[in-house]
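Hello,

Here is the structure we talked about handing over. Please open it first, then read the notes that follow.

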Amino acid sequence: MEGVADLESQQVDKMEMLTKTPFTQKATEEPQYKLIAENIVASYNGIEAVKKVNMKFRDRAVTALIGPSGCGKTTFLRCLNRMHELTKSAKVTGRVLLDGQDLYSNREDAIIHRRKIGMVFQKPNPFPTMSIYDNVAAGLKLNGVKDKKITDQIVQGCLEMVYLWDEVKHDLKKPGMSLSGGQQQRLCIARALAIQPEVLLMDEPASALDPIATQKIEEMINELKKEYTIIIVTHNMQQAVRVSDYTGFMYLGDLVEFGETKQIFENPRNEITAKYVQGQFG
Amino acid sequence: MAIFSGTPFGLDIFTASVVLAIMIIPTIASISREIMIAVPQSQREAAYMLGATKWEVFKMAVVPYSKSGLVGASILGLGRAVGETMAITMLIGNATGQGAFPSSLFSPGQTLSSIIANEFPEAASGSLHMAALIGCGLILFAIAITINIVAQLLVSRVLKTHQGAILA
Amino acid sequence: MITIEQRAEFRKHFRNNISSRLVTDKIVKGIVFGCVLLAIVPLGSIILEIVRNGVPVLSIEFLTAPPGAVGSADPGGIGPAIQGTLMLIGMSSLIGVPVGVLGGIFLSEYGNNRYGNMIRFFNDVLAEFPTIVIGLFAFAVIVLTFGYFSIVAGMFALSVIMLPVITRTTEESLKLVPVTYREAGYALGIKRSVIILRILLTSAKSGLITGIMLSVARVAGETAPLIFTILGNDDFFSGFDQPMDALPLRIYRLANLPYDSATAQGWGGALILILIILSLNVGVRYLFLRKRGGGGRFRITAGR
């Protein structure tokens, strides 16, 4: 029974894709790309932080972006859901295709697209005046989910996905700020998952956390990638090796090398990449 | 309605109130601005990430964070209004005696500061009149210090994390 | 855990409400924009009215002559008032600026404790205090003690009004100087006092001057405390123990007189007052900040 439903829903998924994006037909032999960034140039105060980056992200896989500080990896990540342009005097040109639809075609559509692309920030940023429950449900209310039962289900489901449910199920009314740093970050991931996004962007999600909390988040990423396209920016090369399937190395605003994680770390083609992954600079 | 009764002739409580409102706009606006700048950008980004419009970001991320500070800014504006003297003295009509209790919005009235400014030139130093005027000053002082302390407590709580200046 | 079919079910509950939300967004934007207009229109019309009504009365005589007899054919000028305002600004700056700047240095460099917080708090309270009360205070302390109205009393009141503004802005601009500057100084073994004077104050110069000009603009437009201190008369300066005239006081008196010529002169006085504040602002910034090359950084701060 379950298998049938699974099959059906997979078919539905496929149907949706076919109707939405005609070009996936010819891409069936090629790997499927969920998100494609074309010629992304991002500047800040007129200084280019990202210089013409082209990158394709596979569905149901984790792609890691690594590189020394200031190489533009966070900026690039923020371009993918049009978050960069919210910063003062920031500019972006280029295209980002989500299932073949250009995110940058229409200004107002940014709001719709941001819902499809969840984001987790470097430091946990739960809404301080809201309870744990309300933090997760915040995006649902925004998107017109009125059914209390459905909201309850989603909140519980998302908290389970980040392994937080068992820790907080009796304190759902407590403020989100009462949690520890690692719990807060997982709460923020749950908040991002609640709006049922298709892509998950993570900007050094574990940089402010201790090793145990980091491990929890990495386990979670491994679990989440079964259903999501995940793109993660990280400073920690071991982390990239542990969680990602593909890795892109950025340096001075350019994408220097992009390939399977194993290849990048064991057999880099580029000299700078080799130096970086061997820890000779950073 | 009694409050709107009478013929407006310009020098009344209504005119003074409108001018006072205009005068406190810059105070409230600039302090509110400082307070809203103090809201961390990460809060706004979290709301944007969920697919919020600008107005929804304001409701979701900015208002809850800065509510008490915005109330404080308004109270500071109120404090400025309480002490404002010359513009009010010129506009409120300076009613005296029993007539100073306003019967409607459009009747002249007086304020603590307008009494002081108006009658000070006529009061001989050392007289009871002068003492009464300085007594008015004392009441004004008490009101102003209460308002200002409450407002500053509210504002400084929000700005504590932030280094921005409140320019008076 | 959320299964895939559950997710499909959840997605059905998401309403495509984006267009109505965008409409709300636009409406709010319109309201906010309307409020801004509502706030700017009075400001613009004040400046416009002052220029329109003030320019016709401008003349050399208006700027230099003492006022004529009330209601007479020759209305005279506002010379003493201009002199008084300039003197008051200068004299109150003489007290207000050094004390205020030193207070700001104290709060920024030595005030990171309970006393500092307390002083900071009451400084902020004082900054928003009704100036008429400060005027009464100066009256009780200076005028009643010495027995005469004088420019000294006016100076005292105005410098009390200046103080908190300068203290606050000095502290804020010193805090904006990066800690590394201080550390670099300490690392070189420079004395703390020298670091404050030579490194911090020069780095924070622009903020300091903004604060001082802000406070000057504020006191230049003060009327209420002057009634109790300099009283106002028709003569040029004749001694520190004599009453004195000042522009805001003169404008107030002229505006209350029932003659058209007096009202017109009031407008002229208001125009002159604005011009004085503006040119002081521009002039001081030009003198002190010219090396920075940032010519477009004037912030016009009219008196309140």
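**Two helices in chain C**

In chain C, helix 10 (residues 205-220) packs with helix 13 (residues 260-289) at an angle of about 165°, and their axes are 10 Å apart. An angle over 145 degrees counts as roughly antiparallel, so helix 10 of chain C is roughly antiparallel to helix 13 of chain C. The crossing of these two helices of chain C is right-handed. Please keep in mind that this is a predicted model.

Which residues of the two helices meet? From helix 10 of chain C they include Ile209(C), Met213(C) and Val216(C), and from helix 13 of chain C they include Leu273(C), Ile276(C) and Leu280(C). Sorted by type, the residues of this helix 10 and helix 13 contact in chain C are twelve nonpolar, two polar and two charged.

**A buried residue in a loop**

Ile230(C) sits in the loop between helix 11 and helix 12 of chain C. Is Ile230(C) buried or exposed? A residue is buried if 20 or more other C-beta atoms lie within 10 Å of its own. Ile230(C) has 28 C-beta neighbours inside 10 Å, so Ile230(C) counts as buried.

Leaving aside neighbours within four places in sequence, Ile230(C) is in contact with several residues, among them Gly84(C), Phe149(C), Ile151(C), Pro243(C) and Met244(C). Gly84(C) is 146 residues away from Ile230(C) in sequence, yet the two are 9.4 Å apart in space, C-alpha to C-alpha.

**Where chain C touches chain B**

This contact takes 35 residues from chain C and 34 residues from chain B. On the chain C side, the helices that each supply at least two residues are helix 2 (18-54), helix 5 (114-127), helix 6 (131-146), helix 7 (151-175), helix 11 (224-229) and helix 12 (247-256). Helix 2 of chain C gives the most, with seven residues. The residues on the side of chain C that touches chain B are 23 nonpolar, five polar and seven charged.

**The sheet in chain A**

Chain A has an open sheet of four strands in the order 2-1-4-5, with antiparallel pairing. Strand 2 (47-58) and strand 5 (101-102) of chain A are the edge strands, each pairing on one side only. Strand 1 (residues 33-44) and strand 4 (residues 90-98) of chain A run antiparallel and are joined by eight bridges. Ala42(A), for example, has Val92(A) in strand 4 of chain A as its bridge partner.

Helix 2 (residues 73-80) of chain A packs on this sheet and touches strand 1, strand 2 and strand 4 of chain A. The direction of helix 2 of chain A makes about 120° with that of strand 1 of chain A.

Regards

How values were computed
Residues are numbered from 1 along each chain as its sequence is written. Chains are lettered from A and ligands numbered from 1 in the order in which they are written. This is a predicted model: local features need pLDDT of at least 70, side-chain atom pairs count only at pLDDT 80 or more; totals for chains, interfaces and linings use all residues. Two residues are in contact if their C-beta atoms, placed from the backbone, lie within 7 Å. Ala, Val, Leu, Ile, Met, Phe, Trp, Tyr, Cys and Pro count as nonpolar, Asp, Glu, Lys and Arg as charged, and the others, Gly among them, as polar. Axes are lines fitted to C-alpha atoms, for helices over the stretch in contact, and angles run from 0 to 180 degrees between N-to-C directions. Angles under 35 degrees count as roughly parallel, over 145 as roughly antiparallel, 65 to 115 as roughly perpendicular and the rest as oblique. A crossing is left-handed if the near helix is turned anticlockwise from the far one by less than a right angle, and right-handed if clockwise. A residue is buried if 20 or more other C-beta atoms lie within 10 Å of its own, exposed if 12 or fewer, and partly exposed in between; C-beta atoms are placed from the backbone. Two strands pair if DSSP finds at least two bridges between them.
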